[in-house]
Amino acid sequence: MPTISKKGRLMPESPIRKLVPFAEQAKKDGKHIYHLNIGQPDIKTPEVALQAVKDNTVEILSYSRSEGSETYRTKLAAYYKKHDITVDPKDIVVTTGASEALLFLFSSIMDPGDEVIISEPFYANYIAFSTATGVNVVPAICDIDDNFALPSIETFEKLITPKTKSILICNPGNPTGYLYSKEEIQQLADLAKKHDLFLIADEVYREFVYDGETHYSILQLEDMDEHTIVIDSVSKRYSMCGARVGCLVSRNTTVLQTVLKYAQARLSPPTFAQIASEAALDTPQSYFDDVIAEYVDRRDTLIKELQQIEGVKVGSPKGAFYCIVELPIKNSDNFAQWLLEHFDINGETVMIAPAGGFYSTPGLGLNQVRIAYVLNRESLIKAVNIIKEALKVYKD
């Protein structure tokens, strides 16, 4: 038969979704599953976004502009202004989720064989995007014992080679919940400028910052317009994962013009989803105040319960709604599958995301899992108890 492409063979499976068949079988067997494996919030989507679609009188669902509707981009620019980020609507390209924004960006600023430095562990699909574009990931390894803090800038600089084109961070981080300080952002900016690199920040969790901390965007940096690019999305901010609307933001006109060519090739982002996303920008601050208070309670509950399990180590997230947990096991892929196939308490079990898929360095993260605290407090307590009891009988 005709052969599959090398890129296709190298494309990694999602560490989150590869366990879905086992979860589906567990459900068919009558088990209830607590989903700690995926960042799908149970928070309700703002009513203003849903109502905008319900009330719409569109008679022809036509294409929008390739860069996204002008009214949406104008309101987005106003949203960023509220966060001390000054951009123009023309500095924004709307995409089909943040995923498409990253694919377009990797294709626009890097050639096959070029390198992007990413602090590790990182969002698993960064590997997929790099594979799809022929770009090589160079990991800047972070350690759970340091709460996944950025390595020293000297260590970071040693990773730069003639092939390095960009640095990518997720702030706050998926899967660690790490929040970069203004000082760390400035250090990375100085490095990017010194070596003439792009500095990319995935800022989709911007609103989810805790403990009185403040999110600092790379677009707030001075004299970095030609270097900085932000990736954003409505998915988590408004609990609108299914809308698939993201964007790329930069003041670098050459980058934007190049990204736009890719956007034109796929014609336009989804029209109805843009209508909902535009309306979502009118969501009152009280919505976020309530959501953040809820996530802080969930985080504190999760960490408290996990710390009571012997042999467990857990990072302390300052943002987003994930944490990396180190378990007293050898292989979290096997453990996660075993939970779904062979373990339950009163017909209930847990689905977790093995953390090995969030590392590109072979051998790292094998005894770790990522937990998304997107369930209510009671469910989190029950889920952690299932993990606790499972660890007592699990054999590697």
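Q274 is found in helix α10, where helices (H or I, at least four residues) and strands (E, at least two) are DSSP runs numbered from the N terminus. The model is a predicted one, in which local features need pLDDT of at least 70 and side-chain atom pairs count only at pLDDT 80 or more, while totals for chains, interfaces and linings use all residues. Residues are numbered from 1 along each chain as its sequence is written, and side-chain values use heavy atoms, with hydrogens and water left out.

Q274 counts as buried because its relative accessibility is 3%; buried means under 20% relative accessible area, exposed over 50%, and partly exposed in between (1.4 Å probe, protein chains only). Leaving aside residues up to four places away in sequence, Q274 touches S64, G68, S69, Y72, V94, V245 and P269, a contact being heavy atoms within 4.5 Å.

F272 also lies in helix α10, which spans residues 271-280, but F272 counts as partly exposed because its relative accessibility is 31%. Together with V53, V58 and L61, F272 makes a nonpolar surface patch of about 300 Å². Patches are made of residues with over 30% relative accessible area and no salt bridge, like charges being joined within 9 Å and nonpolar side chains (Val, Leu, Ile, Met, Phe, Trp, Tyr) within 5 Å. A salt bridge here is a side-chain nitrogen of Lys or Arg within 4 Å of a carboxyl oxygen of Asp or Glu, and accessible areas come from the Shrake-Rupley method with a 1.4 Å probe, with only the protein chains shown counting as cover for residues.

Turning to the strands, β7 (residues 228-233) is mostly covered, with six of its six residues buried. In a regular strand the side chains alternate between the two faces of the sheet. In β7, T228, V230 and D232 point one way and I229, I231 and S233 the other, and all are buried. Strand β6 (residues 198-202) runs parallel to β7 and is joined to it by four bridges, with I200 standing opposite I229; two strands pair if DSSP finds at least two bridges between them. Strand β8 (residues 246-250) runs antiparallel to β7 and is joined to it by five bridges, with G246 in β8 standing opposite S233.

Strands β10 (residues 322-326) and β13 (residues 368-372) pair in the antiparallel sense over five bridges, and I371 in β13 is the bridge partner of C323.
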